[in-house]
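Please walk me through the pockets and the nonpolar core of this structure, in plain terms.

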Amino acid sequence: MQKKKTLLRQLKDQKWSLLFIAPVVLLFVVFVLGPLIASFYWSFTDYNGIHSPRWVGLDNYKNIFTNDPRFWKAISNTIFYTVGVIPAGVVISLLLALAIDQKIKFKKFFGMMYFIPAVTSVIALSVVWKWMFAGEKYGLINHFLILMGFKPIDWLMSTTWTLPAIMVMSIWAGIGYNMIIFLAGLYTIPATVYEAADIDGCNEIQKFFYITLPLVKPIIFFMAVTGIIGALNAFTEIYAMTKGGPILTLFDKSLGATKLTGYYLFTKWEQSEYGYAAAMSYALLILTIVISKVQEKFLHAED
């Protein structure tokens, strides 16, 4: 009898538990799982939102990798963006974390100031930097260039300087978040390790390369993987500052100097090529997994 009462109580508790998590599960199914299944199906179809999806098999994937030079141009733009943003962002963030980790005055204030961009809307940051990069003498950066005797640069209309300008903005916007992650990692390193190094006569540079850097390597790997995922999906800053331009050729206005993979996928969705856009999203997912595995192998090989 006692066991029966216990079982009934457990079933009652379980019923209430299921009732409380039901809204979250429903939202997950409707807004996450459902779209994932639908987009995976659309990736094998020719679907434009007007007629019913027409099954085309692997044609979308074949066209992406063999018949779409714009996709590969977007990939090359993304590689250039990634190579410029991730290493610089990691190095600057680590140096800032090391500086704030020292016994200095107002360390909490400096940490808060560097973290502000991480909690600010990307669209707001993009608008501010768009004004700073404004052409001629109206932008803040060009104003300082003129004061130093240099010619102003039309940053966001130059096929040479537009992508580097957006990279500078992206590095600045991301260092606060990365710095906090590095600080958390630095706090986990036991002080006794550094004390033992002091006894052995190690200087600060040796302690950095033989203690700090190896112990924060997993954090660097995490930032590299998340940075690549962010680069493949970069959209907001591109849309707010350049809308994928400036164009590289008058004969093909779809080729833009800042059209990264995430923005190129958006243009396909905007053109109602839903099946092709869905296939591209899964192609980018496959590329992300491959790159992450290569990075993981490289990290373990060094260990």
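The second largest pocket has 21 lining residues, and those nearest its centre are Thr82, Val83, Ile86, Ile228 and Gln295. A pocket here is an open set of points on a 1 Å grid over the protein atoms alone, where a 1.4 Å probe fits, with protein on both sides within 12 Å along at least five of seven lines; lining residues have an atom within 4 Å of a point. This is a predicted model, in which local features need pLDDT of at least 70 and side-chain atom pairs count only at pLDDT 80 or more, while totals for chains, interfaces and linings use all residues. Residues are numbered from 1 along each chain as its sequence is written, and side-chain values use heavy atoms, without hydrogens and water.

α3 gives the most to the lining of the second largest pocket, 12 residues. By class, this lining has 18 nonpolar, three polar and no charged residues.

The largest pocket is lined by 27 residues, with Tyr81, Ser170, Gly174, Gly227 and Gly230 nearest its centre. Its lining draws two or more residues from each of α3, α5, α7, α10 and α11. The largest share, seven residues, is from α7.

Tyr81 also belongs to the largest nonpolar core, where Phe71, Tyr81, Phe133, Phe182, Met241 and Met280 touch the most other members out of 55 residues. Such a core is a set of buried (under 20% relative accessible area, 1.4 Å probe, protein chains only) Ala, Val, Leu, Ile, Met, Phe, Trp, Tyr and Cys residues joined through side-chain atoms within 4.5 Å. With 12 residues, α3 gives the most to this core.

Conventions. Buried means under 20% relative accessible area, exposed over 50%, partly exposed in between (1.4 Å probe, protein chains only). Helices (H or I, at least four residues) and strands (E, at least two) are DSSP runs, numbered from the N terminus. Ala, Val, Leu, Ile, Met, Phe, Trp, Tyr, Cys and Pro count as nonpolar, Asp, Glu, Lys and Arg as charged, and the others, Gly among them, as polar.
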